[in-house]
Amino acid sequence: MPVGQRPRKAGVFGGTYDPIHVGHLVTGIEALETLELDLLIFVPALRSPHKPDATLTPAEVRLDMVRGAVEGYPRLRVSDLELRRSAPSYTVDTLAEMATSEPDTEITLILGVDQWRAFGRWKEPREIVRLARIAVLTRDGERPSESLPELGDGPPPAFLEIPVTRLDVSSTLVRERVRARRSIRFLVPDPVGRIIEAKSLYR
Ligand code: ATP
């Protein structure tokens with residue numbers, strides 16, 4: 001890295017994104033602003049270890065929907081790293097690959113409080129906190145410091161908090177509305193809605 005240049009700061013926000021919706025996007029932008037990141041990278045999972053039985057839309061279609069959602073927002077990106085590996089998608093492997101391919105990037109892993117509580121059961125949590133800073137998304141009344149994950153020996157992991165306005169939207173809600181032939185306009189960006197329509201997803 002040239003002398004005087006600071007490392008690029010990137011947030012990593014993983015999920016299944018089936019489909020990506022305004023809750024993910026609003027939260028991603030809030031994380032960008034609060035943590036003063038240069039980039040926020042959505043990383044769709046091939047298959048989440050936390051949702052092993054879920055029937056998912058094909059990975060390349062979920063990836064296209066995220067691409068459509070972030071189009072025109074240069075600080076919002078999408079990575080296909082997990083889609084190029086075999087399932088399930090472990091965060092530690094993704095962060096290790098990013099550290100190798102982007103050595104000048106400081107990575108912050110963005111987690112919901114529920115993910116943070118389960119973090120001690122993830123694959124190699126100590127290695128994850130070595131590879132990335134952790135930022136936990138919080139809403140009113142949520143106290144991530146009251147439920148620190150146990151990582152065996154040693155001190156609890158350090159983390160940042162990002163207070164966010166969590167919109168009451170989920171991918172489940174979007175899929176249910178499509179199935180019920182109800183509108184999803186404004187719950188997902190228009191390019192995402194067009195892909196759902198064109199491919200007859202979630203019927
Ligand atoms: P599903 O309804 O299928 O379980 P989801 O809407 O929770 O999906 P995921 O792809 O599992 O979407 O979520 C990816 C990440 O986004 C997770 O960290 C999750 O906590 C977070 N997230 C999901 N919905 C919202 C929302 N409305 N606001 C903020 N973050 C969200």
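Colleague: Which residues form one aromatic cluster in this structure?

Modeller: Trp116, Phe119, Trp122 and Phe159 form that cluster. Before going further, please note that this is a predicted model, in which local features need pLDDT of at least 70 and side-chain atom pairs count only at pLDDT 80 or more, while totals for chains, interfaces and linings use all residues. Residues are numbered from 1 along each chain as its sequence is written, and side-chain values use heavy atoms, with hydrogens and water left out.

Colleague: How many aromatic pairs does the structure hold, and why is the pair of phenylalanine 13 and tyrosine 17 called edge-to-face?

Modeller: There are six aromatic pairs. Rings of Phe, Tyr and Trp (its six-membered ring) pair if their centres lie within 6.5 Å, with planes under 30 degrees apart counted as stacked, over 60 as edge-to-face and the rest as tilted. The ring centres of phenylalanine 13 and tyrosine 17 are 6.3 Å apart and their planes stand at 80°, so this pair is edge-to-face. Phenylalanine 13 and tyrosine 17 are both buried (under 20% relative accessible area, where exposed is over 50% and partly exposed lies in between, with a 1.4 Å probe and protein chains only).

Colleague: What makes the pair of tyrosine 17 and phenylalanine 42 edge-to-face, and why does that pair tie together parts that are apart in sequence?

Modeller: Tyrosine 17 and phenylalanine 42 have ring centres 5.6 Å apart and an angle of 85° between the planes, which makes the pair edge-to-face. Tyrosine 17 belongs to the loop between strand S1 (8-15) and helix H1 (22-34), whereas phenylalanine 42 belongs to strand S2 (residues 39-44), so the pair ties together parts that are 25 residues apart in sequence. Helices (H or I, at least four residues) and strands (E, at least two) are DSSP runs, numbered from the N terminus. Tyrosine 17 and phenylalanine 42 are both buried.

Colleague: Which residues come nearest to the ligand, and which elements each supply at least two residues of the shell around the ligand?

Modeller: Lys51, Leu167, Val169, Ser171 and Thr172 come nearest, out of 18 residues around the ligand (each with a heavy atom within 4 Å of it). S1, H1 and helix H6 (171-179) each supply at least two residues of that shell.

Colleague: Why is glutamate 60 called exposed, while threonine 105 is called buried?

Modeller: Glutamate 60, in helix H2 (residues 59-70), has a relative accessibility of 52%, and therefore counts as exposed. Threonine 105, in strand S4 (residues 105-112), has a relative accessibility of 16%, and therefore counts as buried. The side chain of threonine 105 also makes a polar contact of 3.4 Å with the side chain of arginine 8.

Colleague: What makes isoleucine 128 count as buried?

Modeller: Isoleucine 128, which has its place in helix H5 (residues 125-131), has 0% relative accessibility, so this residue counts as buried.

Colleague: How do you know that the bond between aspartate 18 and proline 19 is a cis peptide bond, and what is the phi of glutamate 36?

Modeller: Omega is about 0° for the cis bond joining aspartate 18 and proline 19, and proline 19 is in the loop between S1 and H1. Glutamate 36, in the loop between H1 and S2, has a phi near 50°, a positive value in a residue other than glycine. Most residues other than glycine have a negative phi, and most peptide bonds are trans.

Colleague: Why is arginine 181 called exposed?

Modeller: Arginine 181 has a relative accessible area of 62%, and is therefore exposed. Arginine 181 is found in the loop between H6 and helix H7 (190-198), and although not a glycine, arginine 181 has a positive phi of about 60°.

Key. Polar contact = N/O pair within 3.5 Å; in protein donor to acceptor, adjacent residues only side chain to side chain.
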